[in-house]
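Please examine the sequence and the structure displayed below. A set of questions and answers then follows.

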Amino acid sequence: MTVRLRKTVPAKAIPITLVDPTSFPALADRLPAHTRRWLGAVGFTGAADTHVLLPDDQGSMAQVVAGISHVGDPYALSALPTGLPAGAYTLAGDGLMLDPAQAVLSWQMGAYGFDRYKPRRRPSAELCLPTSASARRGLVVAQAITLARDLINTPAEHMGPEELADAVQTLARQHGARVRQVVGDQLLKKNFPAIHAVGRASTRAPRLIELLWGKPSHPLVSIVGKGVCFDSGGLDIKGADGMRLMKKDMGGAANALGLAAMVMALKLPLRLQLLIPAVENAIAGNAYRPGDVIRTRKGLHIEIGNTDAEGRVILSDALAYAAESTPELIIDLATLTGAARVALGPQLPALFCRAMDTGRALVDLGLVHGDPLWHMPLWGPYRAGIESSVGDIVNTGRNPMAGAINAALFLEYFVPPQQDWLHVDLFGWNDNARPGRPVGGEAQGMRTLLAYLEQRFGSARATV
Ligand code: BES
Ligand code: ZN
Ligand code: ZN
């Protein structure tokens, strides 16, 4: 971590004064004339993600003035950790004030890089802040996002179903949670036939990973994440372009782990069941085929229209299992459809839920937290499009339109009518770099869902 929380900030830490284009002129008026001239000479206006270094009369660095877009921006400071010379910095009291959680999160995001195979070019600058509950919360959130990104960025060779289970075990050890797994042919014995069918062609055994945490007296929340460690498409093989990024098809699982990590670290007053159906959608002689009809845990029969629509097949067993404990809420997270990306692009995960007011509340919450979700409809009439003549439902829509809705409607079959349920279809990846968001794996919706859980089940305030 490149943020250090201390009782007292070391005196040598260089102060960073935060401004925006509106507040900058007033600040500039209070500065010595030669500093004002210097700021003018370098063309500094307080624009977001720009900064100026100011020396003292000895030529040592004395101060930084940095522009931010607004104080609510979760990436406000993200350009600084790699933009500033290495060293220790702190936030000055004479500019715009950021909530410590926001400052910590945005700094850590700016310092993030996936360095498992290739070392960073240079160390990040360090931010020193006084210890506070808010700053600690920022670190918890940053650690969870870092975990999700690292899991997604790790190539499938080093992040198979077993390694994903190891990541859950590690998390469980950190927070005193229990982990159970149903692996390989045990999936058939324990009645998870759909997870087995999708994962059986891989040399790496499919599994259902389950983490349990919390006090029995607290309300139960179940978080389910699609853990397709690599999606080749199966026998309906993807083309080269479509397959290129499919190491990220466990992005739902990665985000589910990140959300679970925050819930446990912040000790939310709820009981948690994290469920990860983890498989590799591979090709072999025993692969499941187009036209196969698969019995699911719930007893419904799925006709396989396309082996590349594997996410909804494994989620069907995981959702049915989650519902058996009648939790207060089920949340599933999945890189489920290309169609959700066609509809909303990479930055907006699609949110599906049965109650209109829940959808609207989550959209609002997402906008407040700078971690958006966009509400899409579980449009009942389209159910006709996923009816099957040989089974109960088919895993591809009869027509190519509304693919994200078809997938959500498919999942809905496995969630009992009275069960409260949120389904998030996310991309889990940044195609383009922005401050704090390098190209690669991305956490999406995690902070908003944390805020929702806090709001609904009670606990601390939420600023990030
Ligand atoms: N993992 C993909 C969905 C995906 C693709 C998410 C690209 C993000 C980016 C999923 O398993 C899939 O291949 N879905 C198919 C379904 C189709 C065959 C009905 C799709 O969306 O094309
Ligand atoms: Zn697929
Ligand atoms: Zn997939």
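The questions below concern metal sites, salt bridges, a helix and the surface.

The model is predicted, so that local features need pLDDT of at least 70 and side-chain atom pairs count only at pLDDT 80 or more, whereas totals for chains, interfaces and linings use all residues. Residues are numbered from 1 along each chain as its sequence is written, chains are lettered from A and ligands numbered from 1 in the order in which they are written, and side-chain values use heavy atoms, with hydrogens and water left out.

Q: Which residues coordinate the zinc ion (ligand 2)?
A: Donors are N, O and S atoms within 2.8 Å of the metal (3.2 Å for Na, K and Ca); water is not among the atoms, so sites may look incomplete. The donors follow the spacing D-x76-D-x1-E along the chain. At 2.0 to 2.2 Å, the zinc ion (ligand 2) is coordinated by Asp-231 (OD), Asp-308 (O), Asp-308 (OD) and Glu-310 (OE).

Q: What is the arrangement of the six donor atoms around the zinc ion (ligand 2)?
A: Four donors count as tetrahedral if all angles lie between 85 and 135 degrees; four count as square planar and six as octahedral if opposite donors are over 155 degrees apart and all others between 65 and 115; anything else is irregular. Around the zinc ion (ligand 2), the six donor atoms subtend angles of 73 to 169°, which makes the arrangement irregular.

Q: Which residues coordinate the zinc ion (ligand 3)?
A: The site of the zinc ion (ligand 3) is octahedral, with angles of 76 to 174° among its six donor atoms. In sequence, its donor residues are spaced K-x4-D-x17-D-x60-E. At 1.9 to 2.5 Å, the coordinating residues are Lys-226 (NZ), Asp-231 (OD), Asp-249 (OD) and Glu-310 (OE).

Q: Which residue bridges the zinc ion (ligand 2) and the zinc ion (ligand 3)?
A: The zinc ion (ligand 2) and the zinc ion (ligand 3) lie 3.2 Å apart. The side chain of the bridging residue also meets that of Lys-238 in a salt bridge (3.8 Å, N to O); a salt bridge is a side-chain nitrogen of Lys or Arg within 4 Å of a carboxyl oxygen of Asp or Glu. The residue that bridges the two ions is Asp-231.

Q: What is the relative accessible area of Glu-310?
A: Glu-310 is linked with Lys-226 and Asp-249 in a network of salt bridges. Asp-308 is partly exposed, with a relative accessible area of 25%. Glu-310 is buried, and its relative accessible area is 0%.

Q: How many residues apart in sequence are the parts tied together by Glu-210 and Arg-180?
A: The side chains of Glu-210 and Arg-180 meet in a salt bridge (3.1 Å, N to O). Glu-210 lies in strand S8 (residues 207-213) and Arg-180 in strand S7 (residues 178-183), so the parts tied together are 30 residues apart. Strands (E, at least two residues) and helices (H or I, at least four) are DSSP runs, numbered from the N terminus. In sequence, the separation of these two parts is 30 residues.

Q: Which residue forms a salt bridge with Arg-204?
A: Arg-204, at 22% relative accessibility, counts as partly exposed. The closest N and O atoms of the pair are 3.1 Å apart. The partner of Arg-204 is Glu-280.

Q: How many of the twelve residues of H4 are buried?
A: The expected span of a helix is 1.5 Å times one less than its number of residues. For helix H4 (residues 100-111) this should be 16 Å, and its end C-alpha atoms are 16 Å apart, which agrees. Helix H4 is largely enclosed by the rest of the structure, because the number of its twelve residues that are buried is eleven.

Q: Where is Ile-283 found?
A: At 42% relative accessibility, Ile-283 counts as partly exposed. The location of Ile-283 is the loop between strand S11 (271-281) and strand S12 (293-295).

Q: What separates the C-alpha atoms of Pro-216 and Thr-358?
A: Pro-216 lies in the loop between S8 and S9 and, at 73% relative accessibility, counts as exposed. Pro-216 and Thr-358 are 142 residues apart along the chain, and their C-alpha atoms are separated by 26 Å.

Definitions and conventions:
Buried < 20%, exposed > 50% of the residue type's maximum accessible area, 1.4 Å probe, protein only.
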